[in-house]
Every structure is written in C-alpha cells, then in structure tokens.
Amino acid sequence: MSQHLLDRGRRLGRTARVAAVAALALATTVGTAGTASAESPEEHPIEIHVDKAGITAPQKHLGGLVSFRVKTDDPAGRQLQLLRPHAGVSIDRVLHDLARSVSRVRGTAAAGMRAVHGEAEALGGAMVTPQVHEQFTEEVDPGSVYLLDLTAFRADPAHPVVRTLELAGTNGMSANQARYPHGIVIHRATSDGPRFQTDDLDHVHLAYLVHNGSSQIHETRLRPVAPGTTDAQVQKYLDAVAAGRKAASPFTGPPTGLGAFSPDRSASIQAHGLQPGRYAVLDLVPDEKTGLPHAALGMHQVVDLK
C-alpha cells in the first residue's frame with residue numbers, strides 16, 4: 001500500500017474517532033436539553049471579567065447548554081474556576097477543603113482534593129491573559145454556580161473572591177447548536193499514571209472538545225515553551241520542582257486553557273488571541289493519592305499549534 005493511502009487512512013481514522021467521541025460526550029452533556037433553538041450558545045455567552053478588582057458577571061442566566069466567555073486585563077493573567085457544591089454542602093465547606101488542596105504539604109493537598117471531589121462538581125473555568133481570552137461551552141443544570149478567582153484564592157485562601165451565578169430554567173439548546181470541535185483532549189488513567197489523550201490538537205484558533213474520562217479532577221493548561229522543547233525536558237523540570245530543587249523553567253509565558261473538570265464532564269473550548277508555536281499541555285491539579293501535581297506524574301504533552 002502506498003504511503004499516500006496509509007496517511008489518508010490514518011487521517012480518516014482520526015476523523016472517525018473525533019466524531020465518535022465528540023458525539024458521545026456532547027450527547028451525554030446535553031441529554032437533558034429541550035428543543036433546539038436556531039442559534040448557537042456561543043453567539044450569546046455569559047460574559048465574565050476577572051481581575052485584581054474582582055469578578056464581573058451577571059447574576060442570572062438560563063441553564064442548559066451554556067457558553068462562558070472569560071476575559072482579564074491583569075498583565076499577569078488570571079484563572080477563574082466554576083464550582084457547584086453537592087446537595088447539603090455549603091460553598092464555605094468546599095472552599096475550606098479547596099484551601100487544603102493548594103497546600104504545599106502533599107498529604108494535606110491530597111486530602112483536600114479528595115474532599116473537594118466528594119463535596120462539589122468542578123465545572124471547568126478559564127485561564128486567561130489580556131492577549132488571550134477563552135470561551136467554553138458545556139451543559140449546566142439550573143441552580144447556583146459559584147465563580148471563584150482561583151488566582152486570588154491561591155494567594156490568600158482565607159479571603160476568597162467568589163460571585164454567585166443563578167441558572168434558572170433551560171435555554172432549550174442541544175448539541176446541534178454547539179460548534180463542532182476540531183479535535184479532542186481526553187483525561188484518562190493509565191497503568192503509568194494520568195495522561196492526556198489528544199487527537200488533532202494542532203491549531204490555535206479552533207475549538208476542541210475536552211472530556212474527563214478519568215476518576216479524578218483534571219485541568220487542561222497550556223503553557224508556551226521554546227521551539228525544540230521536549231516532554232523529557234518538561235518532566236525533568238517538574239521532577240526538580242517536586243524534589244525542591246531549583247531548575248530553569250521551560251515555560252516562556254503565562255498559562256491559558258480550561259480549568260478543573262470533574263470526571264465524566266465534557267466541554268468545547270476555544271481560545272481567542274493565542275499565538276502559533278510550541279506549547280506544553282499540563283495538569284497541575286494535585287493527585288488525590290500523592291498530592292503531587294498530575295503533571296509531575298507524567299500528565300503533560302508537548303504540541304505544536306499552527
């Protein structure tokens with residue numbers, strides 16, 4: 001068989017896998033949506049601005065298939081996280097345990113993450129800079145959603161910056177109204193530890209489906225790296241940091257990407273303003289057993305985005 005036909009077969013195989021996973025994940029996330037409307041949810045997103053002054057967002061919105069557009073003017077960048085406590089659990093309880101999860105003591109971080117996992121649903125979020133804003137789309141049932149400035153929280157967990165968003169009713173949108181993703185990113189567990197499985201993650205301007213197919217909470221963080229940087233070099237740096245040694249960082253800029261996601265959740269995410277280049281996809285959420293960032297356990301992947 002010619003190389004041309006082999007390459008074409010691989011491309012067709014990748015396309016089929018993307019279509020199958022995207023259809024399955026989005027069908028799952030929008031399974032409770034009503035009659036489809038004529039417009040995409042991306043056309044009318046919930047606008048959120050987060051900076052040192054706090055979080056600006058509407059107080060109410062329709063639930064269902066919802067799109068969030070997150071921006072900042074903080075030169076250092078900002079991270080927003082969406083949380084929904086389980087029935088009978090207060091947001092104060094969740095934030096108390098989330099504060100433990102950001103501890104530098106691994107045992108405390110692991111216990112904090114286990115508690116948060118059991119107490120709340122992590123609905124994603126966004127890492128943004130003045131140059132790059134993010135828009136992510138997912139199904140969220142009616143009820144209270146808490147918007148947390150995770151950047152401020154890491155600096156001062158005792159004084160969380162939180163805003164409540166009430167989702168009332170549903171907008172009747174279905175997967176047919178969501179932008180079809182260009183590629184996929186799946187969080188999965190392997191015998192070697194947590195890993196990213198990616199397909200067609202190769203373009204800065206297109207939308208991607210992110211699905212958490214593992215049993216722990218994960219994020220999808222993008223950090224720019226210098227041309228030629230390898231996964232081995234990223235791992236060497238992470239190993240040094242985990243061991244408390246000083247090491248030259250391979251990262252050349254602030255993070256962007258999708259915030260922490262609970263197992264079995266899916267969302268479509270699209271970056272606006274991201275520049276072509278080489279990036280490391282990372283997950284810095286602490287592992288529930290070791291307290292180490294998942295990236296230190298091998299959950300990272302160097303990709304070239306055009």
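This is a predicted model: local features need pLDDT of at least 70, side-chain atom pairs count only at pLDDT 80 or more; totals for chains, interfaces and linings use all residues.
Contact, as I use the word today, means heavy atoms within 4.5 Å. With that in place, among contacts in the chain between residues at least 6 apart in sequence, 77% join residues at least 24 apart.

Residues are numbered from 1 along each chain as its sequence is written, and side-chain values use heavy atoms, with hydrogens and water left out.

Let me start with the chain as a whole. It has five helices and 16 strands, where helices (H or I, at least four residues) and strands (E, at least two) are DSSP runs numbered from the N terminus. Of the 306 residues in the chain, 51% are buried; buried means under 20% relative accessible area, exposed over 50%, and partly exposed in between, with a 1.4 Å probe and protein chains only. The chain exposes about 13800 Å², and carbon and sulfur atoms supply 54% of that area, the accessible areas coming from the Shrake-Rupley method with a 1.4 Å probe, with only the protein chains shown counting as cover for residues.

Now to helix H2, residues 91-101, in which Ile91, Val94, Leu95, Asp97, Leu98 and Ser101 are buried. Seen down the axis of H2, these buried residues fall within an arc of 170 degrees, so they line one face of the helix; the arc is that of the directions from the helix axis to the C-beta atoms. What do the buried residues of H2 pack against? Their partners are strand S4 (78-85), helix H3 (106-119), strand S5 (120-128), strand S7 (143-149), helix H4 (150-155) and strand S8 (162-170).

On a 1 Å grid over the protein atoms alone, a cavity is a set of points where a 1.4 Å probe fits but cannot get out, a pocket is an open set with protein on both sides within 12 Å along at least five of seven lines, and lining residues have an atom within 4 Å of a point. Grid points are joined across faces, edges and corners, and a volume is the space filled by probe spheres set on the points. The largest pocket has a volume of about 1100 Å³, and of the 34 residues that line it, Val102, Arg154, Leu284, Pro286 and Pro293 are the closest to its centre. The elements that give two or more residues to this lining are S4, H2, H3, H4, strand S12 (218-224) and helix H5 (231-242). By class, the lining of the largest pocket divides into 23 nonpolar, five polar and six charged residues, with Ala, Val, Leu, Ile, Met, Phe, Trp, Tyr, Cys and Pro counted as nonpolar, Asp, Glu, Lys and Arg as charged, and the others, Gly among them, as polar.

The largest cavity holds about 210 Å³ of space, and of its 18 lining residues the closest to its centre are Leu201, Tyr208, Leu222, Ile269 and Ala271. Two or more lining residues come from each of strand S11 (208-212), S12, strand S13 (256-261) and strand S14 (266-272), and S14 gives the largest share, three residues. The lining of this cavity has 13 nonpolar, four polar and one charged residues.

Leu201 itself lies in the loop between S10 and S11, and at 15% relative accessibility it counts as buried. Leaving out residues up to four places away in sequence, Leu201 touches Val185, Tyr208, Val281, Val303, Asp304 and Leu305. The C-alpha atoms of Leu201 and Asp304, 103 residues apart along the chain, are separated by 8.2 Å. In that loop we also find Asp200, whose phi is near 60 degrees, a positive value in a residue other than glycine.

Another such residue is Asp264, with phi near 75 degrees, in the loop between S13 and S14. Is Asp264 buried or exposed? At 58% relative accessibility, Asp264 counts as exposed.

I will end with Pro58, in the loop between strand S2 (54-56) and strand S3 (60-71), which is partly exposed at a relative accessible area of 29%. Beyond residues up to four places away in sequence, Pro58 touches Ile46, Glu47, Arg163, Thr164 and Leu165. Pro58 and Arg163 are 105 residues apart in sequence, and their C-alpha atoms are 9.3 Å apart in space.
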